[in-house]
Amino acid sequence: MPEAIEIQLKKGALELCVLALLHRQDNYAYEIAARLADAIGMGEGTIYPLMRRLQTDGLVETYLVESPTGPPRKYYKLSEAGKRSFISQQAAWSSFSGAVENILGGAK
């Protein structure tokens, strides 16, 4: 896949992926970044600005948790608006990806 297309696909799905991870459980940014790096190859530099934007937009809330190995960690959790956004984006993704799969299936 051409690199530019792959990057755009990842960026388009990144917010939904972060919301999905936080829907499962609260987490801190480094852990979210590590999971996304493993799963879809997104780097840390992409995650931190997104986390700030999600907080500014009111989709996530933060709280501190003491860490046994260093300073307290800032944990993120979905706000009520974040939960609604996740459900909406998940439905849109399912509809869109299903339509793409139908088109691709017909192109064989």
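Trainee: Which residues does Ser 67 touch, not counting residues up to four places away in sequence?

Mentor: Start with the word itself: a contact means heavy atoms within 4.5 Å. Once residues up to four places away in sequence are set aside, Ser 67 touches Pro 72 and Arg 73. Before we go on, note that this is a predicted model, where local features need pLDDT of at least 70 and side-chain atom pairs count only at pLDDT 80 or more, while totals for chains, interfaces and linings use all residues. Residues are numbered from 1 along each chain as its sequence is written, and side-chain values use heavy atoms, with hydrogens and water left out.

Trainee: Is Ser 67 buried or exposed?

Mentor: Here's the scale: buried means under 20% relative accessible area, exposed means over 50%, and partly exposed is in between, using a 1.4 Å probe and protein chains only. Ser 67 counts as buried because its relative accessibility is 11%.

Trainee: In which strand is Ser 67 found?

Mentor: Helices (H or I, at least four residues) and strands (E, at least two) are DSSP runs, numbered from the N terminus. Ser 67 belongs to strand E2, which covers residues 60-67. Leaving aside neighbours within four places in sequence, Thr 62 is in contact with Gln 55, Lys 74, Tyr 75 and Tyr 76.

Trainee: How many helices and strands does the protein have?

Mentor: Four helices and three strands. Walk along the sequence and the pattern reads α-β-α-α-β-β-α. The C-alpha atoms fill a box of roughly 55 × 30 × 20 Å along the principal axes.

Trainee: What does strand E1 hold, say at Asn 27?

Mentor: E1 is residues 27-28, and Asn 27 is found there. With a relative accessible area of 8%, Asn 27 is buried. Its contacts, apart from neighbours within four places in sequence, are Leu 22, Ile 32, Lys 74, Tyr 75 and Tyr 76.

Trainee: Which residues have the most contacts inside the largest nonpolar core?

Mentor: General idea: in soluble globular proteins, nonpolar side chains tend to be buried together. A nonpolar core is a set of buried Ala, Val, Leu, Ile, Met, Phe, Trp, Tyr and Cys residues joined through side-chain atoms within 4.5 Å. Here the largest one has 21 residues, and Val 18, Leu 22, Ile 32, Leu 36, Ile 47, Met 51 and Leu 54 have the most contacts inside it. Helices H1 (3-24), H2 (29-40) and H3 (44-56), plus strand E3 (70-78), each give two or more residues to this core. H1 gives the most, with seven. Zoom in on Val 18: beyond four places in sequence, Val 18 touches Ile 32, Leu 36, Leu 50, Met 51 and Leu 54.

Trainee: At roughly what angle do the axes of H1 and H2 cross?

Mentor: Axes are lines fitted to C-alpha atoms, for helices over the stretch in contact, and angles run from 0 to 180 degrees between N-to-C directions. The axes of H1 and H2 come within 11 Å and cross at roughly 125 degrees. That makes H1 oblique to H2, since under 35 degrees is roughly parallel, over 145 roughly antiparallel, 65 to 115 roughly perpendicular and the rest oblique. By class, the contact of H1 with H2 has eight nonpolar, no polar and three charged residues. For those classes, Ala, Val, Leu, Ile, Met, Phe, Trp, Tyr, Cys and Pro are nonpolar, Asp, Glu, Lys and Arg are charged, and the others, Gly among them, are polar.

Trainee: And how do the axes of H1 and H3 cross?

Mentor: They come within 11 Å and cross at roughly 70 degrees. So H1 is roughly perpendicular to H3. Leu 14, Glu 15, Val 18 and Leu 22 in H1 meet Thr 46, Ile 47, Leu 50, Met 51, Arg 53 and Leu 54 in H3. Those residues divide into seven nonpolar, one polar and two charged.

Trainee: What about Tyr 30: which residues does it touch, not counting residues up to four places away in sequence?

Mentor: Tyr 30 touches Glu 44 and Tyr 48. Tyr 30 is found in H2 and is partly exposed, with a relative accessible area of 46%. The C-alpha atoms of Tyr 30 and Ile 47 are separated by 8.6 Å, though these residues are 17 apart along the chain.
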